[in-house]
Amino acid sequence: MSPSLVFTDSSTSTASRLLPFSRTATPFNAAVSLRRSVGPLNVRPFVLPPLRTLSVNSSNNPSPVINDKSGGEACAKVIDGKMVAKQIRDEIAAEVLKMKEAIGVVPGLAVILVGDRKDSATYVRNKKKACESVGINSFEVRLPEDSTEQEVIKFISEFNNDPSVHGILVQLPLPSHMDEQNVLNAVDIVKDVDGFHPLNIGRLAMRGRDPLFVPCTPKGCIELLHRYAVEIKGKRAVVIGRSNIVGMPAALLLQREDATVSIVHSRTKNPEEIVKHADIIISAVGQPNMVRGSWLKPGAVVIDVGINPVEDAKSPRGYKLVGDVCYEEACKVASAVTPVPGGVGPMTIAMLLSNTLSSAKRIHNF
Ligand code: NAP
């Protein structure tokens, strides 16, 4: 199978690993908006990206294996997450249509947003739009900041029992008075499209077990490596960051793919030295430009998850977004790099749609 068609979630077939959001509720004084959105299906033929095998250098010999050069200076290939995410969304739209026509089922994704954080509201809006663009139904519950944990869990229980909902996502972070663990544990594992349920994470960590869902951002990172035909097996990989949502599952995924994985975190004494040995680097720290070109082994492949706003007088907004990795420097040393923005970000939402589709397929045995 072409690596471009291989999805990380090995629990289902390829297409089923790709996959919908909206609902209103009434109780409480909650500002709950329930909307059902079934957007027009925009199905386009799937076109493979211009793939080239990226051969990462796994020896200690620093001779660079850089496949893309422009002129005399090494120039890393740009791993275009925006383009790949678009292709995946087209594939999902086609699958959603096929499922609807064959068995009359439309996948549904429910999103619960508590509080009024602007960034969270933007993420939720984007997820909803993404659902609409592939024909997935979206259900949304908005609860006020002072809601109780029990109120949130009540909505989760409703969605757990709602056959039109195949995926449930609680937008994080939750307000500080809530216990995130209690809330996430309430999501039925079969609808845990974020992949954060301890059972899903536990299965991800265990040999011979398959999680029902893999967390979307790390899944998107691995998908980019697959679609750009980056060999993972036997390579040295370093994950910078060990959060539950990105770093830790990213390291587990790389290990499942037979990479030899090191994890760098805030207490690591010699991060540069460890990163220098890596053929593949996934950075999820939240520190602008922390990883310098001098940290990288020539020919390494760099997946930059970090999204960091930095002042930019030239931008009308007064700031721009940069990654954890100094992009300009990395381009001169690495063989392939994801840009920020336009790298991992669009993949996260595409993987959420993918997880929702696979959930609907699994539930309906399609
Ligand atoms: P997080 O929960 O704050 O975790 C950050 C991790 O980085 C922690 O494990 C921390 O180590 C480690 N760290 C902090 N400073 C470090 C340093 N100087 N050296 C080495 N490690 C260091 O963050 P997150 O939620 O994983 O997100 C990380 C970044 O990814 C953020 O910029 C976020 O905006 C971005 N992100 C992007 C997407 C996307 O879709 N593109 C999705 C999620 C997150 P300790 O464990 O020791 O504290």
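Predicted model: local features only at pLDDT ≥ 70, side-chain atom pairs only at ≥ 80, totals over all residues.
The largest pocket has a volume of about 1,700 Å³, and among the 49 residues that line it, Tyr123, Thr217, Ile307, Gly345 and Thr348 are the closest to its centre. At least two lining residues are supplied by each of α1, α2, β6, α6, β11, β12 and α10, with the largest share, eight residues, coming from α2. Sorted by class, the lining comprises 26 nonpolar, 13 polar and ten charged residues.

Twelve salt bridges are present in the structure. In one of them Arg227 pairs with Glu91, with the closest N and O atoms 3.0 Å apart; this pair links helix α6 to helix α1 across 136 residues of the chain, and both of its members are buried. A salt bridge is also formed between Arg256 and Asp210, at 2.8 Å between the closest N and O atoms, where Arg256 is partly exposed at a relative accessible area of 33% and Asp210 is likewise classed as partly exposed at 38%. The side chains of Arg292 and Glu329 meet at 2.6 Å, N to O; because Arg292 lies in the loop between β9 and β10 and Glu329 in helix α9, this pair ties together parts that are 37 residues apart in sequence. Through shared partners, salt bridges join Glu91, Glu223 and Arg227 into one network.

Glu151, found in helix α3, is buried yet has no salt bridge, the nearest side chain of opposite charge being that of Lys154 at 9.2 Å. The side chain of Glu151 instead reaches the backbone nitrogen of Thr148 at 2.7 Å.

Methods:
Residues numbered from 1 in each chain as written. Heavy atoms only, no water. Helix = DSSP H or I, 4+ residues; strand = E, 2+ residues; numbered from the N terminus. Buried < 20%, exposed > 50% of the residue type's maximum accessible area, 1.4 Å probe, protein only. Lys, Arg positive; Asp, Glu negative; His and termini not counted. Salt bridge = Lys/Arg side-chain N within 4 Å of Asp/Glu carboxyl O. Polar contact = N/O pair within 3.5 Å; in protein donor to acceptor, adjacent residues only side chain to side chain. 1 Å grid on protein atoms, 1.4 Å probe; cavity = no way out; pocket = protein on both sides within 12 Å on 5 of 7 lines; lining within 4 Å. Points joined across faces, edges and corners; volume = space filled by probe spheres on them. Nonpolar A, V, L, I, M, F, W, Y, C, P; charged D, E, K, R; others polar.
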